[in-house]
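Colleague: Before we go through this model, please show me the sequence and the structure. I will then ask about particular places in it.

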Amino acid sequence: MSIKALSGKVFLVITGASRGIGKQIAISFGSILEEGSHVLLLATNLNALNETAKNIPTKVSVDAVSVDLSKATENKLHDIIMQSLKNKILEQFDRVVVVHNVGTMGNTTQCTNNLTDLQSWHNYYDLNVFIPAILNGIIMKIFHESTNIEKTVINITSLFGIQPGKLMAYYCTGKAAREMFFKVFALENPQINVLNYSPGPVETDMFYQICNEHGDQETKANFNDMTVKKTVLTCEQTVNRLLVVLKEHKYKSGDHVDYYDEL
């Protein structure tokens, strides 16, 4: 599949690349990258990252870096990027592609009136909103002078970023805030291709967290019903759809595009 956003020599950064959608993005994107491309995989579990890396063709160089993104600082993230690029000239790349996939569901057993612990809010937003924003800015600054390098930023969002769900205040507000950040980023940087991709209901740890732990019985039943009816998507299905969305590129930069949207 020929996709302009992934053509040429690409520097590809993926967060949350050790499992689920992030792992599949690394494998699927990596399989179509040209020789001379370089992939940086970020997550906490190094062993799992190395397993992801094994599925990327050897013609593409890969760095797998274990980092707790919930606690990462600006300097730490900058050092990780520069270390990954240490033997490379920025201008050797035709494109930079950043996939902000990292994310957690948060507490799904308490209603909004009970979410009064400030530190819990800080912890959730640090990983799910603030770190993606900071990492994105660091990468854009590093490649700022390289005006000939085209840039694509993909934020993995959710239908719950635009539609509320009971007992999902952390997840809904986090996705909404993160998506709006990248809409602002797209508005400020019209030369950059920005996509907020909503992957649909996908068979991941977060999906099963709702099936098993969600405090609202109707929501829990609806998600479990998807497993019974086999309407839950695989990671490969949703990433294949993402590739089609990128290939056809019928969206405006910054748009929210859902797996089920007709383009």
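**Burial, pairs and strands**

Modeller: At 0% relative accessibility, F182 counts as buried, a term for residues under 20% relative accessible area, with exposed over 50% and partly exposed in between (1.4 Å probe, protein chains only). This is a predicted model, in which local features need pLDDT of at least 70, side-chain atom pairs count only at pLDDT 80 or more, and totals for chains, interfaces and linings use all residues. Residues are numbered from 1 along each chain as its sequence is written, and side-chain values use heavy atoms, with hydrogens and water left out.

Colleague: How many aromatic pairs are there?

Modeller: Rings of Phe, Tyr and Trp (its six-membered ring) pair if their centres lie within 6.5 Å; planes under 30 degrees apart count as stacked, over 60 as edge-to-face and the rest as tilted. By this rule, the number of aromatic pairs is 13.

Colleague: Which class of aromatic pair do Y124 and Y125 form?

Modeller: Y124 is buried at 6% relative accessibility, and Y125 is buried at 16%. Their ring centres are 6.2 Å apart and the angle between the planes is 65 degrees, which makes the pair edge-to-face.

Colleague: Why is the pair of F182 and F185 edge-to-face, and what is the angle between the planes?

Modeller: F182 and F185 are three residues apart in helix α5 (residues 169–188), so about one helical turn separates them. Helices here are DSSP runs (H or I, at least four residues), strands are E runs of at least two, and both are numbered from the N terminus. F185 is buried as well, at 7% relative accessibility. The ring centres lie 6.3 Å apart, and the pair is edge-to-face because the planes stand at 85 degrees.

Colleague: Which residues does the ring cluster with W121 hold?

Modeller: The cluster is linked by ring pairs. Besides W121, its members are Y124, Y125, F130 and Y170.

Colleague: Is strand β2 (residues 38–43) covered on one face or on both?

Modeller: In a regular strand the side chains alternate between the two faces of the sheet. In β2, six of its six residues are buried. H38, L40 and L42 lie on one side and V39, L41 and A43 on the other, so with these buried the strand is covered on both.

Colleague: Which residue of β2 is the bridge partner of F11?

Modeller: Strands pair if DSSP finds at least two bridges between them. Strand β1 (residues 10–15) and β2 run parallel and are joined by five bridges. In β2, the partner of F11 is H38.

Colleague: What is the handedness of the crossover from β2 to β3?

Modeller: Strand β3 (residues 61–66) pairs with β2 in the parallel sense over six bridges, and A43 has S66 as its bridge partner in β3. The chain goes from β2 through helix α2 (residues 46–54) to β3. A crossover is right-handed if, with the strands pointing away from the viewer, the path from the first strand over the helix to the second runs clockwise. By that test, this β-α-β crossover is right-handed.

Colleague: How many residues apart are R19 and D205?

Modeller: The structure holds seven salt bridges, each a side-chain nitrogen of Lys or Arg within 4 Å of a carboxyl oxygen of Asp or Glu. One of them joins R19 and D205, at 2.6 Å from N to O. R19 is in the loop between β1 and α1 and D205 is in helix α6, and the pair links distant parts of the chain, with a separation of 186 residues.

Colleague: What is the phi of K230, roughly, and where is the residue?

Modeller: Most residues other than glycine have a negative phi. K230 is found in the loop between α7 and α8 (235–248) and counts as exposed at 71% relative accessibility. Its phi is positive, in a residue other than glycine, and near 60 degrees.
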